[in-house]
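The sequence and the structure are shown first.

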Amino acid sequence: MFNDIGPLELVTLVVLAVLVFGPEKLPKMIQDVTRTIRKVREFSESAKADIREELGPEFKDFEFEDLNPKTFIRKQLDNDELGLKEIRNGFDLKKEMADVTDAVHGRESESSASSSSSSSGSTGGTVDMTKKREKLDQDERPPFDADAT
C-alpha cells in the first residue's frame, strides 16, 4: 500500500502525528484508523461478492484485478493460444544481428554461406556496400543526405 514511502518520510510522519495528536490520543487515533480501514476492506469484499453473484456462473473466475490494463495485457500475452511463445523462441536476435552486421561489412554469414554454397554460385542480388566512388565529376554535386546533416 505504501510502497513509495521511504524510511525518512515514515519517521517524519510519526513525529508529525505525535506533535499533532499528542502521545495520549495517538493510540486511540491508530485504533480508529485501523478500524476504518478494516471496515472499508469488508465493504469492498462484500461488494465484489455481490457483483460476482449478479454476474452469474459464467464469470466465476472473474478477477477485478484483470480490469487493470497492465494486468489484462500481461494475462493475455501469457496465454499461449496465439502461439506467441513459439514465435518468441523461434526468433534469435543475436543471430539476426550477426547476419545484418556481416551483410553490412560484406562478409558472408554462416547461414548465408551454407545457402550460397548450395546455390549455383550466383550472388542473388546482394549489394556490395563497401564500394566507394573514386571521385566526382567536375560539374557533379555530391549527393544530399538529409539524415546525415
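## Helices and their order

Helices, as the word is used here, are DSSP runs of H or I that hold at least four residues, and they are numbered from the N terminus. The model is a predicted one, and under this definition the protein has 5 helices and 0 strands, so that the order of elements from the N terminus on reads α-α-α-α-α.

Helix α4 covers residues 93-105, which amounts to 13 residues, and the distance from its first C-alpha to its last is 18 Å, close to the 18 Å expected at 1.5 Å a residue. The residue that follows α4 is G106, and its phi is positive, with a value near 80°.

## Confidence along the chain

For the protein, the mean pLDDT is 77, and 75% of the residues reach 70 or more. Among the elements, helix α1 has the highest mean pLDDT, at 90, whereas helix α5, made of residues 110-118, has the lowest, at 52. Over residues 117-123 the pLDDT is below 50, and beyond near neighbours in sequence this stretch has 1 contact in the model.

## Salt bridges

Side chains of opposite charge can pair when their charged atoms come close. With a cut-off of 4 Å between a side-chain nitrogen of Lys or Arg and a carboxyl oxygen of Asp or Glu, the count comes to 3 salt bridges.

Because D99 and K95 are 4 residues apart in helix α4, about one helical turn separates them. D99 has a relative accessible area of 21% and is therefore partly exposed, and K95, with 38%, is partly exposed as well. Elsewhere, salt bridges that share partners join K28, D32 and R35 into one network.

As for accessibility, K28 counts as partly exposed at 46%, D32 counts as partly exposed at 24%, and R35 counts as partly exposed at 37%.

## Surface and burial

How much of the protein is buried? Buried residues make up 5% of its 149 residues, where buried means a relative accessible area under 20%. The protein exposes about 14100 Å², and carbon and sulfur atoms supply 59% of that area.

One nonpolar surface patch, of about 680 Å², is made by V11, L13, V15, L16, L19, V20 and F21. Of these residues, L13 lies in helix α1, which spans residues 7-55, and L13 counts as partly exposed because its relative accessibility is 46%.

Key: Residues are numbered from 1 along each chain as its sequence is written. Side-chain values use heavy atoms; hydrogens and water are left out. Patches are made of residues with over 30% relative accessible area and no salt bridge: like charges are joined within 9 Å, nonpolar side chains (Val, Leu, Ile, Met, Phe, Trp, Tyr) within 5 Å. Accessible areas come from the Shrake-Rupley method with a 1.4 Å probe; for residues, only the protein chains shown count as cover. Helices (H or I, at least four residues) and strands (E, at least two) are DSSP runs, numbered from the N terminus. Buried means under 20% relative accessible area, exposed over 50%, partly exposed in between (1.4 Å probe, protein chains only). The expected span of a helix is 1.5 Å times one less than its number of residues. pLDDT is the predictor's confidence in each residue, from 0 to 100. Contact means heavy atoms within 4.5 Å.
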